[in-house]
Amino acid sequence: MCGIVGYVGPGQALDVVIEGLRRLEYRGYDSAGVAVVADGAITTRKKAGKLANLEAEIAVDPLPASHIGIGHTRWATHGAPNDVNAHPHVSEDGTIAVIHNGIIENFAPLRDKLIAQGVTLRSQTDTEIVAHLLAQQMISTPDLGDALRAVCQELTGAFTLVVVHASTPNKIVAARRNSPLVVGRGVGENFLASDVAAFISHTRNAIELGQDQVVEMTPEAVVVTDFFGNPVEVKEYEVTWDAAAAEKGGYDLFMLKEIAEQPKAVADTLLGRIDLEGRVTLDDLTLDLDYIKNIDKIIITACGTAYHSGMIAKYAIEHWTRIPCEVELASEFRYRDPILTPTTLVIAISQSGETMDTLMAMRYAREQGAKVLAICNSNGSTIPRESDAVIYTHAGPEIAVASTKAFLTQIVACYLFAMYLAQTRGTGYGEAAGEIALELGRMPSKIDLVLDTSGAVNAIAKKLIDKQSVLFLGRSVGFPVALEGALKLKELAYMHAEGFAAGELKHGPIALIEEGIPVFVVVPPVEDELHDKIVSNIQEVRARGAMTIVLAEEGDESIVEFSDHIIRLPKCPALLQPLVSTVPLQMFSCEMATVKGYDVDQPRNLAKSVTVE
Ligand code: F6R
């Protein structure tokens, strides 16, 4: 949450910072602001709402030319999303400007102390106190880096802080605890950001900062220390995608582009991981074979869409490996005293690798002696860095706030791991390995086929625009798909939507069925044991007046007479069906939000990377 950019070098800082903010706006869009240093003074501009508002403000009230600047897009935590609470925040004498991502948990006592000392606070944010604390610290510790290190020792919670000083026109100082921060190394210029996307058009050389580190950055040098000033050795890496991957590439929306990229994302995630005999090879997996053979429990933990992918993975893991598998919302996990032992494997699934709840859950699991495997899409982010092992998904950058291609690749990565486990441990799935591997390899072209249903799906969305509620039903792996369909509709089209396990209908939810209510039903393949049961569920809701939108495989004629609309899915094994059945539901929500006139890529109140608990 919140996007942060910093630039120091020969270029026009404002241009670089605004371009970076544009690429990071998906992280928060409650307000935006910038600060530049020129002629021994700091000048800021900040504005509530989207970046466009800030740009309009700067057009009428330009900033001085400068070669050092910082910028911020905000997802509000402390204080309403207005101009005053927008970042940067400056010290009383105007010499220090600070931007921040995270939550300073001991903000209240620090604020009270400052007020008691006579400091006048202008905003309701936790960030502003850092500007004042720094100003006080610099009286005894005049070096900006030293002052920031000292202030960080006083703070608790999560923070990426980026600071400029009026009398240091060639240096940006930043600190990181629990919130992301990456340095981009250029030639004679350097960049700082929450995400490499911000500077990818300038450099692909990056340095990921670790926990509790401070970076001091000039055009020529990047120096990293811990909070006590001890030097830290950093590892530089090259970003594997380029600026074009973070552009809309001819699509109107990032979400549409990312939906369309799903065949490639799935193919890339499979690439090189299944050999010609159908055996899974996970070369980078750093879990030793003895450990793998002794795993006696798996707990998957994640949030939101990633959690739904974990729910799907559970079916495959238990079926193929016979290892008991639980799935738990990361935000609940560590607060319920879970039973964890050295033979428990916790799988943390996260697109961003920065989700605070998931990070805290996996840290807790490791403290209790369990091992953690991360399934992650963001190279070098915190969750994989702190895990015992990682399987990267290769979805490429996901910019739209609503997760699509990351979801499908998370399922694929979990399935690959489940197959690998079964293969290594010699459990039941062994014989079917070749066949499932082959089928997985065919999924990209099947996903491609589902994309062709967009015309029909969009027409259904237009018909349902005035509906108050939409229900989604599924069974087995179709149940998490139903939950995911409902989540997408809530977050994008702001409609009431619920996903249910179809077998639960008669235990309550059927009371919601009234004349005309749209009910999406995900039907498993014809040969699946649950197929006929869900066809009965379709009849039950139809008999009570529901409008049924049925997702069923090609050739399944049993549903025709009970369906108001049919969306056809390519035939595939039941466990793989989520890779195709989710796609029309993504397209449906995207279109519904579009026809309602909402901002699909940046839905209200949300942010892409949830770096606060
Ligand atoms: C929904 C969505 C969120 C994320 C969740 C976890 O479309 O995107 O529910 O799935 O915030 O995010 P990551 O995967 O980055 O941990």
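Let me start with R322, which lies in the loop between helix 9 and strand 16 (325-329), where helices (H or I, at least four residues) and strands (E, at least two) are DSSP runs, numbered from the N terminus. Although R322 is not a glycine, it has a positive phi of about 60 degrees.

Before I go on, please keep in mind that this is a predicted model, in which local features need pLDDT of at least 70 and side-chain atom pairs count only at pLDDT 80 or more, while totals for chains, interfaces and linings use all residues. Residues are numbered from 1 along each chain as its sequence is written, and side-chain values use heavy atoms, with hydrogens and water left out.

Now to the ligand, which 14 residues surround, the closest being S350, Q351, S352, T355 and E491; a residue counts as near if one of its heavy atoms lies within 4 Å of the molecule. Helix 9 (304-321) and helix 16 (478-493) each supply at least two residues of this shell, and helix 9 gives the largest share, three residues. By type, the shell holds five nonpolar, seven polar and two charged residues, with Asp, Glu, Lys and Arg taken as charged, Ala, Val, Leu, Ile, Met, Phe, Trp, Tyr, Cys and Pro as nonpolar, and the others, Gly among them, as polar.

Turning to individual polar contacts, here pairs of N or O atoms within 3.5 Å, a polar side-chain atom of E491 lies 2.5 Å from an oxygen atom of the ligand, and for S350 the corresponding side-chain distance to a ligand oxygen atom is 2.6 Å. T305 contributes through its backbone, with a polar atom 3.1 Å from an oxygen atom of the ligand. Taken alone the ligand exposes 400 Å², of which the protein buries 89%, the areas coming from the Shrake-Rupley method with a 1.4 Å probe.

My next topic is the strands, which I call paired if DSSP finds at least two bridges between them. Strand 9 (residues 182-185) runs antiparallel to strand 10 (residues 190-193), and four bridges join them; in this hairpin, which has four residues between the strands, G188 takes a positive phi near 70 degrees. Strand 9 also pairs with strand 11 (residues 205-208), again in the antiparallel sense, over three bridges. V182 has A193 as its bridge partner in strand 10 and stands opposite E208 in strand 11.

Finally, the peptide bond from H87 to P88 is cis, with omega near 0 degrees, and P88 is placed in the loop between strand 4 (68-74) and strand 5 (89-90).

How values were computed: Polar contact = N/O pair within 3.5 Å; in protein donor to acceptor, adjacent residues only side chain to side chain.
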